[in-house]
Amino acid sequence: MTPIEVNVERTAGDEGGGRRHPNTCPSCRSHFRDDELRHSLRVCAQCGHHFAVGAMERIEQMLDPGSFVEIGSELRAADPLAFVDLRPYTDRLLDAELATGLGDSLVAGSGQIVGRPTAVAVMDFAFMGGSMGSVLGERFCLAADLAVARRIPLISVTASGGARMQENILALMQMAKTVGAVDSLREVGVPYISVLAHPTTGGVIASFASLGDVVVAEPGALLSFAGPRVVEQTTGEKTAPDFGRSESNLRLGQLDAVVPRRELRGELAKLLVLFSPAEEEPTGDNEPLPQTGSDENPVDRVLGMFGLGRKRG
Amino acid sequence: MVRVSDEVRRLRKRFEARAEESQIWDAVQLARHPDRPYTLDYAERLFSDAFELRGDRAFSDDEALITMLARYHGQTVVAIGHQKGRDLAERTRRMFGMPHPEGYRKAIRAVELAERFGYPILTFVDTPGAYPGVKAEERGQAGMIARSVLAFCQASVPVVATVIGEGGSGGALAIAVADRVQMQENAIYSVISPEGCAAILWKDAGQAKKAAFAFRPTARACLDLGVIDTIVDEPGGGAHADLDASARLLDTALRQSLAEAEAIPPAQRRALRRAKFRAMGVWGVADEPTNQDF
């Protein structure tokens, strides 16, 4: 007879093959209400574990309130191969849309961060594992087009298991299509900042996500071309627990920084300042900086780095 | 009452589906045939002079991917191709045609060289995929594939890619962004191997045949979806049946595609190549945009 587990927090964990509640922290097994998690930017208040964030919530966290305007929201995946595995592709799409409220795994648009305009392309892992198909490619290109047309930076946040197998070769071609979009940014000198969230793997990390002028990642994210299971099964090699994680990628020179979610908006604001033209002195002194752990305005922090404090009105 | 004409129509449809299915599986097997001609077999027959460019100038020489300066119909070209091995020793040395990041770094080096001298680039795609090992990951496999795709996007010289065997995933695409993309009749091109797809979607790698039927990695399907421009004929029985005949057929198609790529004004090549790949994909439009009230 198995002994009865009296520790409630432990039974909520996923040990022994049990299903874990989505709001239970997989590393310390603390459990949170949904509003608590939302308030903490979906970071575990006990151990700092970063939970997955949906695309719309991520946009809320990153951008100035009310500044987001979506583009390409009407695009929906077609089923060019009439693909059926254990279930038809069209069924999976329908379920994903009902579950997430999104038309596909990437949301594109524009908005502002501390008053600075930026184009954004944000992925949602909950939509078919953040897989990359034709709609993702087109929406990413629309965001890049917008960045080029308005000469504003592009920020992407990725979370993906890779290319969408149900679209096979067309999904593979989205790698070329999105890299082409990055090339169009480079051609006119528009900055591209890539934020890698857990997990960013396969075709997404092997295309646009790796090509940011600056590439940062959230802590503990799995960032690899092949996942640890594929590596072990194909090559017979053992993978270390930190295989492909943000911290080892930083050590191996594949990233510029590992940025905790609480600091992400501030760091992005700083980068938008650094990528802005020299003559354009920032205005909007009294912009508050909501929702991040830092209560210091990043504009002031950057100016402070150069000994250029601003007068407060 | 069974109407005979309906029954005949139903059976005919089923036979047609079966015929397509067996053709798909034939292609998967022929594309991986151990005697199928590889990049070096074609290089030997297509080029009058060739000098292999080895090493990525940073870490090592990846023999899964070869680059060379070569003379093709009187002009110098840069050839880039995956290379599988013929016997076990060579296969091991060449990692079965699965490059590490240094292979792609070498490819980028070759693209840059072609760009400096205005030489056209011919690529030969034949890989199960980029090598999925710990060392490859540590040295930045994903980032190097992305950079290779970007280098091919940015080239202003003519580029022709030919899938001559297995066009496996990102490891293939890394050298397959081109002004003209060709595929041999029995080559396959797909986002993942049929076995990999079956393991993930059917949760059983043994269902590879089913997966292949579902995602159709054939030249015909790629042409229909607008991913490739030309199907290159193979001799009866497949490319391995007659290497010389196979090379002659490839030569004819390659000359044609190269002439088309050379006809594009150099100043427009980068933009047109980008537009070509931008057009790839199929999607629909929802009646009512969602998330509008966000």
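Six salt bridges (a side-chain nitrogen of Lys or Arg within 4 Å of a carboxyl oxygen of Asp or Glu) are found across the interface of chain B and chain A in this predicted model. One of the salt bridges across this interface joins A:Glu138 to B:Arg278, with the closest N and O atoms 3.3 Å apart. Local features need pLDDT of at least 70, side-chain atom pairs count only at pLDDT 80 or more, and totals for chains, interfaces and linings use all residues. Residues are numbered from 1 along each chain as its sequence is written, chains are lettered from A in the order in which they are written, and side-chain values use heavy atoms, without hydrogens and water.

The contact (heavy atoms within 4.5 Å) takes 63 residues from chain A and 54 residues from chain B. Together the two chains bury about 5200 Å², 67% of it on carbon and sulfur atoms; buried area is the accessible area (1.4 Å probe) lost on putting two parts together, summed over both.

The second largest cavity is lined by residues of both chains, including A:Asp183, B:Arg270 and B:Phe277. A cavity is a set of points, on a 1 Å grid over the protein atoms alone, where a 1.4 Å probe fits but cannot get out, and lining residues have an atom within 4 Å of a point. Helix 12 of chain B gives the most to this lining, with four residues; helices are DSSP runs (H or I) of at least four residues, numbered from the N terminus.

Technical notes: 1 Å grid on protein atoms, 1.4 Å probe; cavity = no way out; pocket = protein on both sides within 12 Å on 5 of 7 lines; lining within 4 Å. Helix = DSSP H or I, 4+ residues; strand = E, 2+ residues; numbered from the N terminus.
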